[in-house]
Amino acid sequence: MSIAVDQERLSREIEELAAISDGEVPAVTRVVFTPTDLKARDWLMAKCKKAGLTVRQDPVGNIFARWTGSQPDAPAVGTGSHIDAIPNAGKYDGVVGVLGGLEAIRSLQASGFRPKHSIELLMFTSEEPTRFGIGCLGSRLLSGSLSVNKARKLADRDGILLEEVRANAGVTGALEEVKLPDGYYKAFVELHIEQGPLLEQQNIPLGLVTHIAAPASLRISIEGEGGHAGAVLMPERRDALCAAAELILAIETAARASNARDSVATVGICTVFPGAVNSIPSRVQLSVDVRDTNLERRDEILRRIRAAGQNVAAQRQVVLDEEVLNADAPAECATSIVETLAESCKKHQLNFMPMVSRAYHDSLFMSRITAVAMLFIPCRNGYSHRPDEYVSSEEIERGVIVLAETLASLAA
Ligand code: GLV
Ligand code: MN
Ligand code: MN
């Protein structure tokens, strides 16, 4: 079987999808269930139908595009990723896994290969946490990692519930129906850009992921006392933003104190109320993201953050409330699939290296229901989540060839 990837078509499609964006070129912004995201979904479904795939959408908007195998009742082999993009993002995060997965299927079709197990392309809803504060919404629900009750309580920044947002988007059906039956998949393989610099630095074209780090996110609210910026004297103040500033630095220290390369903590959002130059901040909300490849170490950082919060609250006489949005366990990739990926790399004399994914991906949740593996391709300077994210078409092509061969081997 010889795989010929239509590199031009794939590059053209990546550009077409990048043009469906709310960002200013070259930035891509595609937040879940916005009119732009809905347009991108329609565009993708049309491409999948054109490739002869059977397309369905579940009640949270996960899209499944199936190439039915000769044993249609056998567990399917899945591949895919996401097409939602954080504000001011690039073109490749997630997209390479979805359009690369589609191209892998089309190249297998063209090669004459006929799968026994169906091969299914997935586009997961809201891998990015932008709208509902929690990442991997679609894969969490379909793997049963997020309860329907919790999902029903999710709301966006305007307080609009997921239920209403999806209904407005025309995505209907009960969320209870999203969870897949046991044994639905035989395996799942995700192609993704590395989002870090290691492959490029070592001039290695492919990374085979062995572990995915454990992510957690918190929402911390700090309630102090507001007042006139001129009239309230310093000894009388309970400034919520000053308390938040101390806590932000303590969060950085909590991650550094691990002395481990894989421990990271970030405060990415700080919302200040009322946000007037001559008003003492009375309320602040922080979004905190903590990750580690080691679960105990990640949880130790969370404990340090909690202790620091109590300290700051006592010293500054503010009230602190912490909500854990998610605290997930890490995932291990299936050795047998990693070996299949490696065999394909060797066949094409492509150098590869095992690596850890420090970003989370839908594969983290797919690992709760099936054997998973991930294939990384380099991105320039390791840049991601920014408009100058870049991957060459040759690098994408290599990834698609190895993905296609691996899917063929799993589906044979
Ligand atoms: C995924 O986008 C992540 O934040 O790791
Ligand atoms: Mn991302
Ligand atoms: Mn991604």
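A residue is called buried when its relative accessible area is under 20%, exposed when over 50%, and partly exposed in between (1.4 Å probe, protein chains only). The model is predicted, so local features need pLDDT of at least 70 and side-chain atom pairs count only at pLDDT 80 or more, while totals for chains, interfaces and linings use all residues. Residues are numbered from 1 along each chain as its sequence is written, and side-chain values use heavy atoms, with hydrogens and water left out.

In total, 27 salt bridges were found in the structure, a salt bridge being a side-chain nitrogen of Lys or Arg within 4 Å of a carboxyl oxygen of Asp or Glu.

Arg131 and Asp156 form one such pair, with 3.0 Å between the closest N and O atoms. Arg131 is located in the loop between β6 (119-123) and α4 (137-142), and Asp156 in the loop between α5 (148-153) and α6 (162-168), so parts 25 residues apart in sequence are tied together. Helices (H or I, at least four residues) and strands (E, at least two) are DSSP runs, numbered from the N terminus. Arg131 and Asp156 are both buried.

A salt bridge also joins Glu16 to Lys47 (3.8 Å, N to O). Glu16 belongs to helix α1 (residues 7-18) and Lys47 to helix α2 (residues 35-50), and the pair, 31 residues apart, links distant parts of the chain. Glu16 is partly exposed, at a relative accessible area of 30%. A network of salt bridges links Glu16 and Lys47 with Asp6, Arg9, Glu13, Glu103 and Arg106.

Within helix α9 (residues 295-316), Arg303 and Glu300 are three residues apart, about one helical turn. Their side chains meet in a salt bridge (3.1 Å, N to O). Arg303 is partly exposed, with a relative accessible area of 46%, and Glu300 is partly exposed at 30%.

Terms used. Chains are lettered from A and ligands numbered from 1 in the order in which they are written.
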